[in-house]
Amino acid sequence: MKARLLRIAAASVLALAVSAGIAWWQVNNASTMVANATKSAVPIGGPFTMTDQTGKTVTDADYRGKYLLVYFGYTYCPDVCPTELGVMTQALDLLGRQSVNVQPVFVSVDPERDTVAHLKDYVALFHPTLVGLTGTADQVRDMARAYRVYYAKAPQKDAKPDEYLMDHSSFIYLMGPNGNFVGAYQAGTTADRIAQDLGTRIAD
Ligand code: NI
């Protein structure tokens with residue numbers, strides 16, 4: 001019992017530290033866009049090896065040359081994930097032709113249930129260019145760590161063992177064409193705003 005409470009406490013402290021870090025970047029920028037990585041306290045992003053929705057092994061290097069919109073979540077998510085992926089999709093549609101410069105990526109924090117086949121069906125519900133990434137528990141943990149993403153299983157009372165939810169942080173990360181962290185859009189940022197911001201950056 002005590003160990004479980006300690007784990008919960010540790011997880012809360014970590015989540016707080018992550019949101020405090022992100023809040024810190026936000027105050028440095030007037031928009032909902034988080035300030036440049038060079039000004040941030042903690043580096044975001046970096047190398048990863050995962051499996052995409054076609055079953056191919058991919059690394060961060062495979063996505064160089066395009067801006068990346070990276071969102072971490074899970075396909076069984078009842079609300080936040082589909083909402084944010086919908087916003088990403090809408091932002092890309094609003095961008096029009098410029099969207100060829102942007103690669104949207106959905107990263108599963110629930111590799112146990114998010115199989116390659118399952119991811120393939122799921123990403124198809126959103127943007128046609130949306131890539132879904134999953135991997136081994138270790139690969140997912142490493143990538144989430146690199147992006148400072150918090151996630152944890154949230155078992156439901158009176159539910160079957162495989163009917164759990166996942167707690168997870170919800171940011172749309174923007175990575176530059178060189179794989180560098182540009183910033184993060186808070187959950188709730190509108191598609192208009194994201195499209196506008198992306199459009200300006202791509203035009204530069
Ligand atoms: Ni979610």
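Residues are numbered from 1 along each chain as its sequence is written, and side-chain values use heavy atoms, with hydrogens and water left out.

Q: What is the average pLDDT of the protein?
A: pLDDT is the predictor's confidence in each residue, from 0 to 100. In this protein, 80% of the residues score at least 70. The average pLDDT is 86.

Q: Over residues 1–6, how many contacts beyond near neighbours in sequence does the model have?
A: Contact means heavy atoms within 4.5 Å. The pLDDT over residues 1–6 is below 50. Where pLDDT is low, the predicted coordinates should not be read in detail. Beyond near neighbours, the count for this stretch is zero.

Q: For residues 8–14, how many contacts beyond four places in sequence does the model have?
A: Here too pLDDT stays under 50. Beyond four places in sequence, the model gives residues 8–14 a contact count of two.

Q: What share of the contacts with a separation of 6 or more joins residues 24 or more positions apart?
A: The protein has 204 residues, 45% of them buried (under 20% relative accessible area; exposed is over 50%, partly exposed in between; 1.4 Å probe, protein chains only). Among contacts with a separation of 6 or more, the share from residues 24 or more positions apart is 69%.

Q: Which residue in β2 is the bridge partner of T49?
A: Two strands pair if DSSP finds at least two bridges between them. Strand β1 (residues 49–52) and strand β2 (residues 57–59) pair antiparallel over three bridges. They form a hairpin with four residues between them, and G55 in the turn has a positive phi of about 95 degrees. The partner of T49 is T59.

Q: Which residue in β5 stands opposite T51?
A: β1 also runs antiparallel to strand β5 (residues 131–134), joined by two bridges. Opposite T51 stands T134.

Q: Is Q103 buried or exposed?
A: Q103 lies in strand β4. Leaving aside neighbours within four places in sequence, its contacts include Y63, Y67, L69 and V131. Its relative accessible area is 10%, so Q103 is buried.

Q: Which residue's backbone oxygen does the side chain of S99 reach?
A: S99 is found in the loop between α2 (80–95) and β4 (102–108). S99 is buried, with a relative accessible area of 16%. At 2.7 Å, its side chain reaches the backbone oxygen of G96.

Q: How many residues apart are C81 and H168?
A: C81 is buried at 0% relative accessible area. H168 also counts as buried, at 16%. C81 sits in helix α2 and H168 in strand β7 (residues 165–168), so the pair links distant parts of the chain. Their separation is 87 residues.

Technical notes
Polar contact = N/O pair within 3.5 Å; in protein donor to acceptor, adjacent residues only side chain to side chain.
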